[in-house]
Amino acid sequence: MLYRSLTDCIAQTMDIYLCLKRPSWMVASKRMRTASNFQWLLSIFILLYLMNQVNSQKKEGPHDLKCVTNNLQVWDCSWKAPSGTSRGTNYEVCIENRSHSCYRLEKTNIKIPALSHGDYEIIINSLHDFGSSTSKFTLNEKNVSLIPDTPEILNLSADFSTSTLYLKWNDRGSVFPHHSNVIWEIKVLRKGSMELVKLVTHNTTLNGKDTLHHWSWASDMPLECAIHFVEIRCRIDSLHFSGRKEWSDWSPVKNISWTPDSQTKVFPQDKVILVGSDITFCCVSQEKVLSALIGHTNCPLIHLDGESVAIKIHNISVSASSGTNVVFTTEDNIFGTVVFAGYPPDTPQQLDCETHDLKEIICSWNPGRSTGLVGPRATIYTLYESFSGKYVRYKRDEAPTNESYQLFFQMLPNQQIYNFTLNAHNPLGQSESTILVNITEKVYPHTPTSFKVKDINSTAVTLSWHLPGNFAKINLLCQIEIKKSKSVQEQRNVTIKGVENSSYLVALDKLNPYTLYTLRIRCSTEAFWKWSKWSNKKQHLTTEAIPSKGPDTWREWSSDGKNLIIYWKPLPINEANGKILSYNVSCSSDEETQSLSEIPDPQHKAEIRLDKNDYIISVVAKNSVGSSPPSKIASMEIPNDDLEIEQVVGMGKGILLTWHYDPNMTCDYVIKWCNSSRLEPCLMDWRKVPSNSTETVIESDQFRPGVRYNFFLYGCRNQGYQLLRTIIGYVEELAPIVAPNFTVEDTSADSILVKWEDIPVEELRGFLRGYLFYFGKGERDTSKMRVLVSGHSDIKVKNITDMSQKTLRIADLQGKTSYHLVLRAYTDGGMGPEKSMYVVTKENSVGLIIAILIPVAVAVIVGVVTSILCYRKREWIKETFYPDIPNPENCKALQFQKSVCEGSNALKTLEMNPCTPNNVEVLETRSAFPKIEDTEIISPVAERPEDRSDAEPENHVVVSYCPPIIEEEIPNPAADEAGGAAQVIYIDVQSMYQPQAKPEEEQENNPVGGAGYKPQMHLPINSTVEDIAAEEDLDKTVGYRPQANVNTWNLVSPDSPRSIDSNSEIVSFGSPCSINSRQFLIPPKDEDSPKSNGGGWSFTNFFQNKSND
Amino acid sequence: MDLRAGDSWGMLACLCTVLWHLPAVPALNRTGDLGPGPSIQKTYDLTRYLEHQLRSLAGTYLNYLGPPFNEPDFNPPRLGAETLPRATVDLEVWRSLNDKLRLTQNYEAYSHLLCYLRGLNRQAATAELRRSLAHFCTSLQGLLGSIAGVMAALGYPLPQPLPGTEPTWTPGPAHSDFLQKMDDFWLLKELQTWLWRSAKDFNRLKKKMQPPAAAVTLHLGAHGF
């Protein structure tokens, strides 16, 4: 606007400017000089400035030359026309540095072919009415901008199922002469408010042709959820162009939207996604959505256009088998979808292929990690064989388990090598495993069936079995397990050619005749892969053969030497080769032959009467097939006088016998043995040893430790057997089982002669090595006897190792002393039991005589000396020890005293001895003595207390009593107060139960309880109380109490002896005043005593019960 | 067969029912014709047993469908389940139904429901669920036969399915999984309602058919459970 007003102003003042046609610099200098009137000068200044401006415009040509290109071939250069030019202005554009080409044109722009590198001078001359103006520009390619034409989207489409946008456009590359890179910028906008969702650059190349380009984009939000817009622009990055490369304008916007039908929908539907990924669900709704749930989880709503909402789930977890439910809730409806989050199939693991029958290949594998997808989304496995191009497919609808998967592939004829590819595929991806197998090396045959055994001969059988499969082209390796007994087991491998009909037959030899075999078979192929399972076991008994050897034979002459007893051993099963039915025995000499035939099997002994001594005996065993070779033995015994009985002890189980080599022994050695306790001829067993042997270990299950055996070693010569050695032995020695029986033959004062007997061999149980004889002082039933053997210092031991010694004299003993004798035998096996005996030695007579005579002699001498002395001093003795004694009858005083003591009432004059008569007085019963309630149950007397009080005075008896001497002081002053005299209360038996009342003062002053009788010195009432129980007794039953401790009577029957013994300290002694003698009459009155109340069956209770009854 | 404790009780109830009604089986009891009463009782008992059986099946199946279907207060609108026979009916209308119509409606409903149920079985993903569904289908088939027996005893003809209207299970993308789950939910719900309604139907029929003397016996019999 300012510029326009200024132009108007210039036009109005054009005349002034023409009048003042001066150079501008002059005006300026003049203005410098004139400053008188400021306003005037300012006006002049403005005017001049404007004129200057107009003038300069008149001089300026076209300006602001700007060149752009959109195809690098033509430059479109434009400039700004000089001001004031009208429409009719022509321009002459000349480009220097080129062949001076000039163009005349009326526009302010010109399209010129692209110039090559370098500066070009562009002269634009504008020709107009009032003149011309020329402008020069320097033009270089660098000043040219490359702005491509605005691209146009040919097509924008969408795949709603995958939420993918597809964009298609043309790069119009044909207009560009060179190959150039093009950078496309694509913008995706969402919702009506066009929020930018994605801005991507996409690079392509121009190749001189118009090319269609495609771009696709998967939206994180389902495309149905909101409208999506796309626009595009580009920039060409040409290497051949050095000018500025600028973005084209944005293309016109294209959009994609989903036209919702009437129903509200939730998107995406039934989508399968990878666990852990993010997903957006939206609900396209016309109603207001209140909430959204995935599983149990509430999700925040993202508002889209209208009422539509979306939720975004991050890191989704694996779904249950029926998928994860996503539910949107509106006011009165719910909408939802199910999403299946799982994994792509794991690479099949442990893929392995094998065949059972070369007809069908079984490929098995482990599926690996569970995909979490089942049903229609479960993994589909395809087993593809690349050589044949065949495949099999496997799909499991059920939820996967841990078991391995299997696919069966039919084998192709004439194909051995298989290249399997197992492809696992589910909606989230696929994986594969491959395996190349030579199937003939992967044969795991079925279990052989119909396994049968048939005899060929006694040592060979044929085995036949059925093995399904087409093994015609390979060899089978089969293993036969041959079990003879429980322990003996053999395995033989056989290679057989495979057949088509699956039946196989093989011979099995080197078996033993008449042996029960347990056979089974399993097979593999020669190129071993796996053994089949074992077939069923088959038991088979091979047929019999003739016995391979004759029986082991021995002979013994009967004790009378007339009969020969022939023994033989049953053949072992491996030599019998069948069931032995009978034996034939023949004895042949030069002249005759005797034979016993068909001796049935269990009999292994025959007796033949022979006239001579020199026979050859042969024994033959027979089974159903035939006879064994005869075993021969000579009957003759070659005598040997030079024999000693040796002893040998074995090594636990057996006995080692050795002998010297004897070249005379041409055949074998025979050792026979028997139990030594048996009578001859005795034979337990024998053993033959080759003639070159010099030792053997005899072992037998029959050997028992502690049993003595006789061994006889025979050497065999041509004509017969000679006994070489006789040995007795034990396989193991034990201690004797009995003690030697011994007796005392003779006893003297200082010695004992002991004799013992031999222990029988059976009880000795070993070779006797000696006896141990113990002896020592001791009597029967003392503990010393026990320790006799165990090394007591007093015990003497004699070890008798001389077996022939049967007696022993023990000397240096003491006379008339009991000795304990013990004898025991021992072997190397240990000590036998002991036998003991007690013997008393005889008295020593000389000693006895001396012992008697010496004291008698001493006594006689002492007697004689004493008599002599007494006789000499008889007067002195009489004076000292036996003076004259006056006759007491002559003493009157004594007569008087006697009468007093006799209790005569006629008291005479007291003359010689002071004798103060004491009065015994019955005290008056106190009227207020405490009532004894308890007595109701104790004493029948208590029932009549009034009677008692009446009866009391009658019972009072005053007795005069004169103790002979009163030496002891009465300790209690209370007793003095009571009259200074001891009192005795005599009561009769009938009144025993009546408690005697006592003055209260006396109770207090007489703490002494009735603890026993105090004869003639203290009255019972003066005794001191010693325990609380007694005090209580006093309180309750004041009166007379027996002087014994009543408490002790409670539990013990009064008439039992213990009742007296236990009270020995307080028992009274036989005084006529003692109540001890009649205490059984007095019931214990201490009823409150815990003992009597204790519920026990006390005497008191019994008594009371009786009285109640 | 996997029988839970609940099943055992149901089986026991069923067994007891059968034993109780053994004398009522015509082949065994030729002393006199008792009419349709015993077979109605049997059908009633079977209905109660199926109610019990469905309770455990529905628990399993709704857990399989996942939340919110297994939530106790879930009550979605009946969107795609329009083809399922509706059990709910106006009380007055129900009262005014005659025996034939009542039985016919029951028969038709269970025919349809059984067919849908078999479809349900086909798409269940776990073997255990399939076994439970198959077991229930067998029981429901028994109920259908039982209703047919009652109708025959009363002399009513069995409804003939119109050709082409036989409900068929159409697997495939016609339904989304979610709508399918909704249908399954409604199928189980309708089954439950139908069993409940049938129990009332047969109870009503039973009372109607009982001779006055036999009422005591049957009443006692019903108390046995």
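Between chain A and chain B, 9 residue pairs are in polar contact, both residues of each pair being at pLDDT 80 or more; a polar contact is a pair of N or O atoms within 3.5 Å, where within protein one atom must be able to donate a hydrogen and the other to accept it, and residues adjacent in sequence count only if both atoms are side-chain atoms. On the chain A side, strand 24 (324-330) and strand 25 (334-342) each supply at least two residues that touch chain B. Strand 25 of chain A gives the most to this side, with 6 residues. By class, the side of chain A that touches chain B has 8 nonpolar, 10 polar and 5 charged residues (Ala, Val, Leu, Ile, Met, Phe, Trp, Tyr, Cys and Pro count as nonpolar, Asp, Glu, Lys and Arg as charged, and the others, Gly among them, as polar).

The structure is a predicted model, in which local features need pLDDT of at least 70 and side-chain atom pairs count only at pLDDT 80 or more, while totals for chains, interfaces and linings use all residues. Residues are numbered from 1 along each chain as its sequence is written, chains are lettered from A and ligands numbered from 1 in the order in which they are written, and side-chain values use heavy atoms, with hydrogens and water left out.

In the interface, 23 residues of chain A are in contact with 20 residues of chain B, contact meaning heavy atoms within 4.5 Å. The size of an interface is often given as the accessible area lost when the parts come together. For chain A and chain B the buried area is about 1500 Å², with 58% of it on carbon and sulfur atoms; buried area is the accessible area (1.4 Å probe) that two parts lose on being put together, summed over both. The two chains share 1 salt bridge, defined as a side-chain nitrogen of Lys or Arg within 4 Å of a carboxyl oxygen of Asp or Glu. Arg377(A) and Asp177(B) form this salt bridge through their side chains, at 3.6 Å from N to O.

Chain B has 7 helices and 0 strands, and its elements run α-α-α-α-α-α-α from the N terminus on. Of its 225 residues, 45% are buried (buried means under 20% relative accessible area, exposed over 50% and partly exposed in between, with a 1.4 Å probe and protein chains only). Among contacts in chain B between residues at least 6 apart in sequence, 84% join residues at least 24 apart. Chain B exposes about 11800 Å², of which carbon and sulfur atoms supply 61%; accessible areas come from the Shrake-Rupley method with a 1.4 Å probe, and for residues only the protein chains shown count as cover.

Over all chains, the whole structure holds 31 salt bridges. In one of them, the side chains of Lys187(A) and Glu231(A) meet at 3.3 Å, N to O. Lys187(A) lies in strand 11 (residues 180-190) and Glu231(A) in strand 14 of chain A, so this pair ties together parts that are 44 residues apart in sequence. Both Lys187(A) and Glu231(A) are buried.

A further salt bridge joins the side chains of Lys312(A) and Asp220(A), at 3.5 Å from N to O. Because Lys312(A) belongs to strand 23 (residues 309-313) and Asp220(A) to the loop between strand 13 and strand 14 of chain A, the pair ties together parts 92 residues apart in sequence. Lys312(A) is partly exposed, with a relative accessible area of 36%, and Asp220(A) is partly exposed at 41%.

The loop between strand 13 (212-218) and strand 14 (228-237) of chain A also contains Ser219(A), which is buried with a relative accessible area of 10%. The side chain of Ser219(A) reaches the backbone oxygen of Met221(A) at 2.5 Å. Apart from neighbours within four places in sequence, Ser219(A) is in contact with Ser163(A), Arg190(A) and His228(A).

Lys549(A) and Glu575(A) form a salt bridge in which the closest N and O atoms are 3.5 Å apart. This pair links distant parts of the chain, 26 residues apart, with Lys549(A) in the loop between strand 39 (538-541) and strand 40 (553-557) and Glu575(A) in helix 5 (residues 573-576) of chain A. Lys549(A) is partly exposed, with a relative accessible area of 45%, whereas Glu575(A) is buried at 18%. A network of salt bridges links Asp552(A), Lys569(A), Asp685(A) and Lys688(A).

Thr330(A) lies in strand 24 of chain A and is buried, with a relative accessible area of 1%. The side chains of Thr330(A) and Glu287(A) are joined by a polar contact of 3.4 Å.

Definitions and conventions:
Helices (H or I, at least four residues) and strands (E, at least two) are DSSP runs, numbered from the N terminus.
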